[in-house]
Amino acid sequence: MCDLVARTGRHQQRYEDGRRLVAGCIPFRYRADETSGDEQKKVVEVLMINSQSGPGLLFPKGGWENDETVEQAAAREAIEEAGVRGDIVQFLGFYDFKSKTHQDACCPEGMCRAAVFALHVKEELASWPEQSTRRRTWLTVPEATSQCRYQWMQEALLTGFSEWHDNWSKGGSAAGDPI
């Protein structure tokens with residue numbers, strides 16, 4: 001039984017210029033690369049979850065509410081949907097998309113703008129609010145790219161996360177502006 005409860009409803013949902021504002025993250029971790037024979041070499045893996053409405057995998061994301069910062073919303077969604085906690089380490093960008101399932105009076109066209117962050121996972125929870133409907137899967141970036149359900153999430157992974165991570169892991173400066 002999970003002691004955490006997922007937020008529901010839209011009464012505190014943020015909107016801007018006719019778009020619903022959402023927050024999400026690309027959870028990541030490192031594992032030793034057994035294939036190279038070099039125990040010091042690490043492989044980056046990202047965490048994806050199943051979609052509740054069809055095939056393909058997703059990154060945790062959901063509504064950004066009035067009583068929280070965008071970073072808090074992204075971290076909350078990681079806990080609620082994927083059952084992970086960690087550190088938000090980088091803002092990766094804004095990604096616009098159309099949601100067929102989240103049209104409402106404030107956003108009749110279903111347009112959304114997602115603020116996406118890199119979240120370095122520190123803890124995987126044994127129980128979490130959406131564990132009965134969500135499966136979590138750790139994948140390499142190429143695996144995640146091929147299994148990602150939405151084009152905008154693939155873009156966030158490749159142009160946001162991968163470019164930032166490649167630069168950051170080589171000791172470069174962080175790409176992307178903080179919010």
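This is a predicted model: local features need pLDDT of at least 70, side-chain atom pairs count only at pLDDT 80 or more; totals for chains, interfaces and linings use all residues.
Close-up 1. With a relative accessibility of 7%, glutamate 45 counts as buried. Its side chain is joined to the side chain of arginine 29 by a polar contact of 2.8 Å, and the side chain of glutamate 45 also makes a polar contact, of 2.6 Å, with the side chain of arginine 31. When neighbours within four places in sequence are left aside, the residues in contact with glutamate 45 are Pro27, Phe28, Arg29, Arg31, Trp138 and Leu139.

**Close-up 2. The stacked pair of tryptophan 164 and tryptophan 168.** A search of the whole structure finds 8 aromatic pairs. In one of them, the rings of tryptophan 164 and tryptophan 168 have centres 5.1 Å apart and planes at 20 degrees, and because planes under 30 degrees apart count as stacked, this pair is described as stacked. Both tryptophan 164 and tryptophan 168 belong to helix α3 (residues 151-169), where they are 4 residues apart, about one turn of the helix. Tryptophan 164 counts as buried, at 2% relative accessibility, whereas tryptophan 168 counts as partly exposed, at 36% relative accessibility. One aromatic cluster is formed by Trp164 and Trp168 together with Phe28, Tyr30 and Phe161.

**Close-up 3. The largest nonpolar core and the surroundings of phenylalanine 59.** The largest nonpolar core of the model has 35 residues, and those with the most contacts inside this core are Ile26, Val46, Phe59, Val116, Leu157 and Phe161. Apart from this core lies another one, of 9 residues, among them Leu21, Trp64, Ala74 and Phe91. For phenylalanine 59, once neighbours within four places in sequence are left aside, the residues in contact include Cys25, Ile26, Pro27, Val46, Leu47 and Met48. Glu81, Cys148, Met153 and Leu157 are also in contact with phenylalanine 59.

Close-up 4. A disulfide is a covalent bond between the sulfur atoms of two cysteines. For this structure, where a disulfide requires a pair of cysteine sulfur atoms within 2.5 Å, the count comes to 0 disulfides. Cysteine 112 counts as buried, with a relative accessibility of 1%, and cysteine 148 likewise counts as buried, with a relative accessibility of 7%. Cysteine 148 is also one of the residues in contact with phenylalanine 59.

How values were computed
Residues are numbered from 1 along each chain as its sequence is written. Side-chain values use heavy atoms; hydrogens and water are left out. Rings of Phe, Tyr and Trp (its six-membered ring) pair if their centres lie within 6.5 Å; planes under 30 degrees apart count as stacked, over 60 as edge-to-face and the rest as tilted. Helices (H or I, at least four residues) and strands (E, at least two) are DSSP runs, numbered from the N terminus. Buried means under 20% relative accessible area, exposed over 50%, partly exposed in between (1.4 Å probe, protein chains only). A polar contact is a pair of N or O atoms within 3.5 Å; within protein, one must be able to donate a hydrogen and the other to accept it, and residues adjacent in sequence count only if both atoms are side-chain atoms. Contact means heavy atoms within 4.5 Å. A nonpolar core is a set of buried Ala, Val, Leu, Ile, Met, Phe, Trp, Tyr and Cys residues joined through side-chain atoms within 4.5 Å.
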